[in-house]
Amino acid sequence: MKIFYGVQGTGNGHITRARVMAEALYAAGMDVHFQFTGRTKDSYFDMAVFNGFQVRTGLTFNTHNGQVSYLKTAIEAKPITFIRDIQSLDLSDYDLVISDFEPVTSWAAKRQNKQVLGIGHQYAFGHTIPRAGSDPLANLVMKYFAPADRGIGLHWHHFGQPILPPIIETPAMPHTFFKHKVVVYLPFEDTQEVFQLLAPFKDFDFYVYTPDVQDSPHKHIVCKALSRAGFMQDLYDCGGIISNAGFELASEALQLGKKILAKPLHHQMEQISNAAALQQLGYGHVMKDLNATAIGNWLKIDHAVQITYPNVAQVITQWLQDGMPEMDTDFINSIWDNVNVLQVKH
């Protein structure tokens with residue numbers, strides 16, 4: 001099977017999910033070509049697993065100081081380039097087109113009358129799941145940004161809907177961890193403001209990952225460049241994470257039994273909804289703004305949720321090999337029957 005796979009490259013979570021899918025698809029002997037949009041080629045990192053990939057401009061959202069700016073997004077959009085990208089992408093030789101919320105792939109397939117399979121968290125919003133921070137514009141973006149003829153939505157819980165668990169790596173559980181070690185990933189916030197926020201909590205060691213690496217003025221705060229291997233090593237043995245409310249990182253933290261404090265991007269419906277889901281499920285804690293009191297209270301918490309998710313990438317790959325039959329209730333239930341939720345003590 002020859003597959004064209006488009007990935008929204010703005011957020012690292014989409015790329016993380018694509019890495020896991022790439023390994024499963026290649027292992028099954030499938031011929032997969034990847035395309036990433038949303039950032040320049042030199043800003044991608046740890047991409048060897050994709051065996052080469054295409055890059056196009058695509059569309060992305062402008063963020064500033066922890067919130068999405070729709071005005072700046074509109075001003076900085078390149079509609080002519082976007083249209084040219086769609087027109088230049090030839091999908092005629094492919095048996096299957098997959099989009100992880102990637103607009104050039106979705107709209108090019110639509111233009112060429114190719115059916116698109118959507119795989120990603122965003123496609124869960126076509127079902128009844130926790131939703132917050134919604135408005136007409138956000139609903140239009142979710143529906144038309146990267147449309148799919150058939151969607152496989154992913155979430156931490158099924159909510160009684162035909163959706164699947166997260167697509168994440170399934171490593172062995174850590175034998176030891178350091179409960180006073182905290183990984184911080186707030187790429188949309190000002191790095192100096194993050195340093196100031198964490199400065200009072202000297203009994204903890206903070207590992208701040210950011211695209212804007214700066215020297216930390218505090219011994220208990222380490223600022224590190226984005227790196228998949230380095231980040232996963234720190235995530236593996238930390239006690240918890242402070243992050244925006246992206247889906248993939250929270251999924252990895254839940255798999256590893258790390259406590260979570262999420263600060264959703266303002267005016268970003270998906271992240272606000274993720275935060276609501278974390279609270280509703282009891283899987284994590286939320287602060288609406290960067291708040292030292294909220295962080296101090298969270299640091300005192302001595303328990304977390306650990307969820308054992310199955311290898312969903314292998315499930316989907318086998319489903320593709322089986323001819324993409326309808327995912328009926330029995331199929332969905334058989335996947336979720338392998339999910340175990342535990343309360344763990346730190």
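Two residues are in contact here when heavy atoms of theirs lie within 4.5 Å. The model is predicted: local features need pLDDT of at least 70 and side-chain atom pairs count only at pLDDT 80 or more, while totals for chains, interfaces and linings use all residues. Residues are numbered from 1 along each chain as its sequence is written, and side-chain values use heavy atoms, with hydrogens and water left out.

**Stop 1: S243**

Select S243. Leaving aside neighbours within four places in sequence, S243 is in contact with Y185, L186, L249, L261, A262 and K263. S243 belongs to strand β12, residues 238-243. Helices (H or I, at least four residues) and strands (E, at least two) are DSSP runs, numbered from the N terminus.

Is S243 buried or exposed? Its relative accessibility is 2%, so S243 counts as buried. Buried means under 20% relative accessible area, exposed over 50%, and partly exposed in between, with a 1.4 Å probe and protein chains only.

Y209 and S243 are 34 residues apart along the chain, and their C-alpha atoms are separated by 9.9 Å.

**Stop 2: the sheet around β12**

Select β9 to β14. These six strands form an open sheet with parallel pairing, in the order β11-β10-β9-β12-β13-β14. Its edge strands, β11 (221-224) and β14 (285-286), each pair on one side only. Two strands pair if DSSP finds at least two bridges between them. In general, strands of a sheet pair through backbone hydrogen bonds, either parallel or antiparallel.

Next, keep β12 and strand β13 (residues 259-262). Four bridges join the two strands, which run parallel. Which residue of β13 stands opposite S243? It is A262, which is also among the contacts of S243.

**Stop 3: the other sheet**

Select β1, β2, β3, β6, β7 and β8. They make up an open sheet of six strands, paired in parallel and ordered β3-β2-β1-β6-β7-β8. Strands β3 (53-56) and β8 (150-153) stand at the edges with a single partner strand each, so one side of each has no neighbour in the sheet. On average, neighbouring strands of this sheet are turned by 20° against each other, direction ignored. Axes are lines fitted to C-alpha atoms, for helices over the stretch in contact, and angles run from 0 to 180 degrees between N-to-C directions.

Zoom in on β2, residues 31-37. Five of the seven residues of β2 are buried, so the strand is largely enclosed by the rest of the structure. Seven bridges join β2 to the parallel strand β1 (residues 2-8), and Y5 has F34 of β2 as its bridge partner. Towards β3, also parallel, β2 has four bridges; here F36 is partnered by V55.

Follow the chain into the loop between β2 and β3, where D46 lies. Phi of D46 is near 55°, a positive value in a residue other than glycine. D46 is partly exposed, with a relative accessible area of 40%.

**Stop 4: helices that meet α8**

Packed helices are described by the angle between their axes and the distance between the axes. Select helix α7 (residues 228-237) and helix α8 (residues 247-256); their axes come within 11 Å and cross at roughly 40°. The two helices are therefore oblique to each other. Angles under 35 degrees count as roughly parallel, over 145 as roughly antiparallel, 65 to 115 as roughly perpendicular and the rest as oblique.

On the α7 side, show R228, F231, M232, L235 and Y236; on the α8 side, show L249, E252 and L256. This contact has six nonpolar, no polar and two charged residues. Ala, Val, Leu, Ile, Met, Phe, Trp, Tyr, Cys and Pro count as nonpolar, Asp, Glu, Lys and Arg as charged, and the others, Gly among them, as polar.

G13, T16 and R17 of α1 meet F247, E248 and E252 of α8. By class, one residue of this contact is nonpolar, two are polar and three are charged.
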